[in-house]
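This report describes one protein model for a reader who is new to structural work. Please keep the sequence and the structure in view while reading.

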Amino acid sequence: MYEKKFSDWLAWQERKKIPSKNFPGIYIIALSTRHLAGKLFTWRKEIIYIGMTNSVGGLIGRLAHFDDTISGKKLRHGGADRVRYKHRKYNFLTNQLFVSVVSFDCDVSSKLPDDLRMMGKVVEFEYICFAQYAKKFGKLPEFNDMKASPKFSLKVKKRKV
């Protein structure tokens with residue numbers, strides 16, 4: 001039911017082409033050796049992270065934060081910090097990453113009731129996505145599980161001391 005709301009899968013390198021990239025929304029990231037680009041979104045085991053944004057930068061801004069973190073440029077995304085702990089070879093990783101999104105048309109800087117309600121729907125939909133994934137696979141995506149997935153910035157730096 002919810003699958004139809006998502007864009008087709010895009011290769012990570014093509015993420016700037018996501019539809020309605022300047023709006024808030026939900027993004028789902030999959031890590032797969034199979035080429036998913038252009039395929040319809042489906043719930044699959046290869047999904048490693050479900051995220052959302054209500055920021056002024058929209059989906060494209062949040063995906064840029066994710067990329068900055070997995071590349072080691074700048075720590076800007078907690079989930080990506082967990083991905084980086086396990087996957088440290090950026091080029092190898094990004095050749096296997098795919099993203100699908102759902103955007104919500106609203107003005108995040110507005111305090112108008114319709115925009116505020118829409119931003120609430122973004123948060124609600126993220127939890128619906130968590131529930132759909134957990135229903136299908138019995139757990140959260142690997143890097144949404146904060147207890148099971150350590151952060152690169154916390155674990156690696158401590159070992160160097």
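## An enclosed strand

Of the 7 residues of β3, 6 are buried, so this strand is largely enclosed by the rest of the structure. Here, buried means under 20% relative accessible area, exposed means over 50%, and partly exposed lies in between, with a 1.4 Å probe and protein chains only. Strands (E, at least two residues) and helices (H or I, at least four residues) are DSSP runs, numbered from the N terminus.

The model is predicted: local features need pLDDT of at least 70 and side-chain atom pairs count only at pLDDT 80 or more, while totals for chains, interfaces and linings use all residues. Residues are numbered from 1 along each chain as its sequence is written, and side-chain values use heavy atoms, with hydrogens and water left out.

## The sheet

Strands of a sheet pair through backbone hydrogen bonds, either parallel or antiparallel. Two strands count as paired if DSSP finds at least two bridges between them. In this model, an open sheet of 4 strands has the order β1-β4-β2-β3, and the pairing is antiparallel. Because β1 and β3 stand at the edges with a single partner strand each, one side of each is left without a neighbour in the sheet.

The partner of β3 is β2, and the two strands pair in the antiparallel sense over 6 bridges. Within this region, A30 stands opposite I47 in β3.

## Salt bridges

Side chains of opposite charge can pair when their charged atoms come close. A salt bridge is a side-chain nitrogen of Lys or Arg within 4 Å of a carboxyl oxygen of Asp or Glu. The structure holds 7 salt bridges. One of them joins R15 and D67, whose closest N and O atoms are 3.3 Å apart. R15 belongs to the loop between β1 (10-11) and β2 (25-31), whereas D67 belongs to helix α1 (residues 58-71), so the pair ties together parts that are 52 residues apart in sequence. Both R15 and D67 are buried.

Another salt bridge links K86 and E142, with 2.9 Å between the closest N and O atoms. K86 is in helix α2 (residues 78-86) and E142 is in the loop between α4 (113-137) and α5 (152-160), so this pair ties together parts that are 56 residues apart in sequence. K86 is partly exposed at 49% relative accessible area, and E142 is also partly exposed, at 33%. Elsewhere, salt bridges that share partners join R34, R44 and E46 into one network. The side chains of R76 and D68 also meet in a salt bridge, at 2.7 Å from N to O. In this pair, R76 is partly exposed, with a relative accessible area of 35%, but D68 is buried, with 16%.

## Cysteines

How many disulfides are there? The count is 0, where a disulfide is a pair of cysteine sulfur atoms within 2.5 Å. The sulfur of C106 is 16 Å from the closest cysteine sulfur, in C129, and this is too far for a bond. C106 is buried at 8% relative accessible area, and C129 is buried at 0%.

## The largest pocket

Rolling a probe the size of a water molecule over the atoms shows where empty space is left. On a 1 Å grid over the protein atoms alone, a pocket is an open set of points where a 1.4 Å probe fits, with protein on both sides within 12 Å along at least five of seven lines; lining residues have an atom within 4 Å of a point. The largest pocket has about 160 Å³ of space, a volume being the space filled by probe spheres set on the grid points.

Residues lining the largest pocket include K45, I47, I48, Y133, F137 and E142. β3 (47-53) and α4 each supply at least two residues of this lining. By class, the lining has 7 nonpolar, no polar and 4 charged residues. Ala, Val, Leu, Ile, Met, Phe, Trp, Tyr, Cys and Pro count as nonpolar, Asp, Glu, Lys and Arg as charged, and the others, Gly among them, as polar.

## A backbone detail

Most residues other than glycine have a negative phi. S20 has a positive phi of about 50 degrees although it is not a glycine. S20 is placed in the loop between β1 and β2 and is partly exposed, with a relative accessible area of 36%.
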